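Student: I would like a close look at one helix of this protein. Please set out the whole fold before turning to that part.

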Amino acid sequence: MNKLRHFTEKYYFLFLFIYILFLPIAHTASVQAISLALFVIFFLLFEYKNLRWKAILIQKKILFIFSGFLVLALISLWFTPDVVETLKEIKKELLKNFIVMALFFYFTLRQDNISLEKILYIFFFSLTFHTLYNIYTWITHGGFPFRAGGLLDNGGGERFGIWATYALAFSIALFFTHYKKIATICFLTSLLSIVANNTRATYVAVIFMVMAFFTLFIQNKKTKFLFIGIFLIAFALFYEFSDCLSNRYNIKNTISKTQMLLELKPFEFDKFEKEYGIDYSISARLAMWKSVILYRAQEPFIPQGYGRFVYGKGIQNNFKHEPENIPFDAYAQTHNDFFGFFYGLGLFGLILFVYFLYLHLKISYFIVRNTQSTLHKTFATFTFFGVIGFIGSIMFGSFFGDSEAKLFYCLYGILLGIHYKETHENLPSTSA
């Protein structure tokens with residue numbers, strides 16, 4: 001039996017490796033689904049009787065969040081403009097992902113440190129491979145102005161930007177180990193990959209990560225104040241000279257028209273581009289976000305449809321008697337997951353979503369500060385900065401779905417497992 005267990009462990013780690021490696025590759029959903037299914041089957045086949053199923057009950061806050069999302073999502077079926085789309089999102093992006101998170105939680109409980117190291121190696125190899133490939137595609141396409149997106153969204157880069165910041169987060173985590181030379185190399189290649197990605201959301205995510213590092217991880221007050229001073233000076237210089245850049249990065253022009261945000265209706269926001277030279281994508285996003293605020297000011301609580309792709313139809317139904325409040329270009333999604341949850345699930349849904357992200361940061365930061373295990377600290381640091389970057393990205397896009405959400409929930413489950421190990425009695429674990 002022990003030989004058979006050792007044999008199968010190799011296979012479910014192999015399937016986990018395939019799953020993580022293929023997540024940031026477009027049009028490989030079937031490979032991802034099959035590898036995940038085989039990973040789960042092989043793991044449960046030999047660990048089902050050894051799992052402490054009641055351990056999940058310790059995660060009361062997570063269960064509360066899941067229950068809240070589910071109740072609001074089901075209520076939204078009565079109001080959604082697309083019942084089929086909402087049902088699909090409930091199944092795919094809510095139920096399935098929470099089940100995956102729970103499975104990775106149980107999986108982590110059954111692993112010893114050697115096995116947890118293997119998991120870290122899997123993430124390291126996958127992120128490194130895709131980082132190098134992203135740089136390669138950028139170079140082969142001639143560099144700027146091409147926006148590299150690896151094997152996920154080459155030429156666009158918005159989605160791959162999340163993977164680029166997770167790679168940067170992993171390199172930061174390595175600085176807290178004795179692999180500092182490797183960390184330096186990974187950090188520099190990750191920064192180059194982010195430059196190759198060349199998306200505004202990714203740059204904002206990096207700024208958030210740097211700010212979090214200096215404010216939370218640097219204890220020396222002089223260093224903190226020095227960083228804050230340098231950051232403020234750098235921002236002031238960028239603001240002052242941004243009008244020399246393209247409309248995509250001209251924040252001086254955008255900020256100077258802030259008063260117009262209050263005066264214009266969402267239907268009129270195309271004037272930002274036509275008359276004031278503000279980038280079209282910025283104008284469209286601002287129009288959609290204002291329409292959400294205007295609607296939720298009237299009706300803050302009733303869910304309007306769970307899912308990223310119901311906003312476009314929904315907002316037109318909501319304002320059919322006030323067409324001036326419909327964005328001049330109503331996309332299917334809000335291009336901001338915070339506004340997306342606010343519109344789709346109301347104020348309670350937004351609060352749950354923010355709390356869900358906050359809990360992730362709180363748990364990972366707790367582990368970083370209190371663990372005696374370098375392995376646990378490395379993983380917690382990786383997930384902490386990864387989520388910081390993720391938050392920066394989802395402020396400008398509806399990315400809380402598909403492969404990006406799968407990565408998030410997978411890491412969340414492992415983090416919860418490590419947290420359980422840190423705060424409760426040691427569980428019996430398998431040998432790798």
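Tutor: The secondary structure of this predicted model consists of 17 helices and 0 strands. Its radius of gyration is 22 Å, close to the 22 Å that the globule rule gives for 432 residues, so the protein is as compact as a globular protein of that length. Along the principal axes, the C-alpha atoms fill a box of roughly 75 × 50 × 45 Å. Of the contacts with a separation of 6 or more, 73% are between residues 24 or more positions apart. Buried residues account for 52% of the 432.

The part to look at is helix 17, which covers residues 402-423. Helix 17 has 22 residues, and at 1.5 Å a residue these should span 32 Å. The C-alpha atoms at its ends are 32 Å apart, which agrees.

For a contrast, take Lys274, in helix 12 (residues 271-274). Lys274 has 65% relative accessibility and therefore counts as exposed, the cut-off being over 50%. From Lys274 to Thr374 there are 100 residues in sequence, and their C-alpha atoms are 55 Å apart in space.

Among the side chains, 39 are positive and 27 negative, with the centres of the two sets 11 Å apart.

Notes
Residues numbered from 1 in each chain as written. Predicted model: local features only at pLDDT ≥ 70, side-chain atom pairs only at ≥ 80, totals over all residues. Heavy atoms only, no water. Helix = DSSP H or I, 4+ residues; strand = E, 2+ residues; numbered from the N terminus. Rg over C-alpha atoms; globule rule 2.2 N^0.38 Å. Buried < 20%, exposed > 50% of the residue type's maximum accessible area, 1.4 Å probe, protein only. Contact = heavy atoms within 4.5 Å. Lys, Arg positive; Asp, Glu negative; His and termini not counted. Charge placed at Lys NZ, Arg CZ, Asp CG, Glu CD. Expected span 1.5 Å × (residues − 1).
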